[in-house]
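Here are my notes on the aromatic contacts and one surface feature. Please read them beside the model.

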Amino acid sequence: MTFINGLLQRLLFTFGVMLFMQLPQFIDHYSQQFSGYYLAQQTQLQQFQFIADTNFSGQLDTLIADFNASPAPAVQQVGKQVFTLQQSLPVLAADLAILTDGSYVHKLGYFITRADSKLAENTLSLFTPGIPLSQAAIATGLIGGISLNLFWLFSLKLLSIMFSRFRLLTNKPA
């Protein structure tokens with residue numbers, strides 16, 4: 001049993017290291033996807049800004065108000081879309097700054113708490129694992145491997161305690 005347990009521990013550690021070493025590389029790929037998304041949103045807003053420059057002395061808010069004042073529901077929806085785009089672009093810029101200029105800890109925190117699930121799924125579909133040798137990848141890999149190993153040991157200990165209590169309860173003399 002101890003041989004199998006030791007082998008499983010080593011396998012889990014190795015698997016954890018290899019799996020978690022991919023995280024920094026995946027975050028970099030996600031950042032590139034996010035950058036493309038941000039640039040597309042920025043380009044779209046610039047097109048509306050050009051319309052505002054031409055017709056409303058550069059006042060994008062006036063263009064949005066003109067869209068909203070239209071009796072046509074489709075035009076009103078465009079106004080709402082432009083307003084949403086205008087409001088979301090600064091947030092996207094701040095997020096992009098974290099992903100491109102932030103420390104690895106900040107990138108990891110952002111990715112865990114605020115990553116866009118659709119963008120992450122798209123990134124995962126395009127992601128090919130590699131063997132990154134950056135300090136962040138090695139540290140993340142070691143932390144992941146140790147964490148999986150500790151989880152395994154904790155699970156075995158918990159099962160052992162539960163089994164021994166169950167045996168004590170079932171072997172009580174009447």
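1. First, the term. Rings of Phe, Tyr and Trp (its six-membered ring) pair if their centres lie within 6.5 Å; planes under 30 degrees apart count as stacked, over 60 as edge-to-face and the rest as tilted. Across the whole structure, the search gives seven aromatic pairs.

2. Basis. This is a predicted model: local features need pLDDT of at least 70, side-chain atom pairs count only at pLDDT 80 or more, and totals for chains, interfaces and linings use all residues. Residues are numbered from 1 along each chain as its sequence is written, and side-chain values use heavy atoms, with hydrogens and water left out.

3. F26 and F111. Ring centres sit 5.6 Å apart with planes at 80°, so this pair is edge-to-face. F26 belongs to helix α1 (residues 2–55) and F111 to helix α4 (residues 104–114), so the pair ties together parts 85 residues apart in sequence. Helices here are DSSP runs (H or I, at least four residues), numbered from the N terminus. Both F26 and F111 are buried (under 20% relative accessible area; exposed is over 50%, partly exposed in between; 1.4 Å probe, protein chains only).

4. F48 and F67. This aromatic pair is also edge-to-face, at 6.3 Å centre to centre and 90° between the planes. F48 lies in helix α1 and F67 in helix α2 (residues 60–69), so parts 19 residues apart in sequence are tied together. F48 is buried at 14% relative accessible area. F67 is buried at 16%.

5. Cluster. Ring pairs join F26, Y30, F34, Y37, Y110, F111 and F127.

6. L153. This residue is in helix α6 (residues 135–170). L153 is partly exposed, with a relative accessible area of 36%.

Terms used:
Helix = DSSP H or I, 4+ residues; strand = E, 2+ residues; numbered from the N terminus.
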